[in-house]
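I opened this notebook to record what I looked up in the structure. The entries go from the overall fold to single residues.

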Amino acid sequence: MHLRQGTFSHLPDLDDTEIAAQVRYALLNNWPVSIEYTDDPHPRNNYWEMWGLPLFDLDEPDGVLAEINACRVTFPRHYIRVNAYDASYGRQTTALSFLVQRPADEPGFRLDRTDSEDRRQRYGFHSYALDDRPGQRYGS
């Protein structure tokens, strides 16, 4: 199962050339770029760990790719995504967000059903990755 999250989630994984093209597009639009990572990709987990600080004042995507590769080396079994922010509305707005790395084995999610008052049924997601401790969720 592939996690479907971000702008290009239903396309095949992007290679470094395609990632550089998307980062170049963001930089041409004056959107600062940041890199985030997590080992808990739950659909409601919007707050991933940030890799360094947002990258301002870049003209070429080489600096962003260097940071992506450093994050990949440090966290080889985590999800890594790139975000680009548009401040033209007077507030920070995510203009572009896409995954640049995913673990080799994605365990997936389980749909849990709970019966509540008046026979109402409520549903929730449970990630199989959460059965293991943080940092050990995608094997060794």
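**Fold and sheet**

I read the order of elements from the N terminus on as α-β-β-α-β-β-β-β. The model is a predicted one. I counted 2 helices and 6 strands in the protein.

I then looked up how strands are arranged. Four strands make an open sheet with antiparallel pairing, in the order E2-E1-E3-E4. Strand E2 (49–55) and strand E4 (93–101) are its edges, each pairing on one side only. On average, neighbouring strands of this sheet are turned by 20° against each other, direction ignored.

For one pairing I went down to residues. Strand E1 (residues 33–38) pairs with E2 over 4 bridges in the antiparallel sense. I noted Met50 in E2 as the bridge partner of Glu36.

Next I checked what helix H1 (residues 16–28) lies across: E1, strand E3 (79–86) and E4. Helix H1 runs at about 165° to E4.

**Burial and surface**

I looked up the totals. Of the 140 residues in the protein, 40% are buried. Among contacts between residues at least 6 apart in sequence, 56% join residues at least 24 apart.

Which residues form a nonpolar patch on the surface? I found Leu111, Tyr123 and Phe125, with about 360 Å² of accessible area together. Leu111 belongs to strand E5 (residues 109–115).

Methods. Residues numbered from 1 in each chain as written. Predicted model: local features only at pLDDT ≥ 70, side-chain atom pairs only at ≥ 80, totals over all residues. Heavy atoms only, no water. Patch = residues over 30% accessible without salt bridge, like charges linked within 9 Å, V, L, I, M, F, W, Y side chains within 5 Å. Areas by Shrake-Rupley, 256 points an atom, 1.4 Å probe, with all protein chains shown as cover. Salt bridge = Lys/Arg side-chain N within 4 Å of Asp/Glu carboxyl O. Pairing = 2+ DSSP bridges. Axes fitted to C-alpha atoms, helices over the stretch in contact; angles between N-to-C directions. Contact = heavy atoms within 4.5 Å. Buried < 20%, exposed > 50% of the residue type's maximum accessible area, 1.4 Å probe, protein only.
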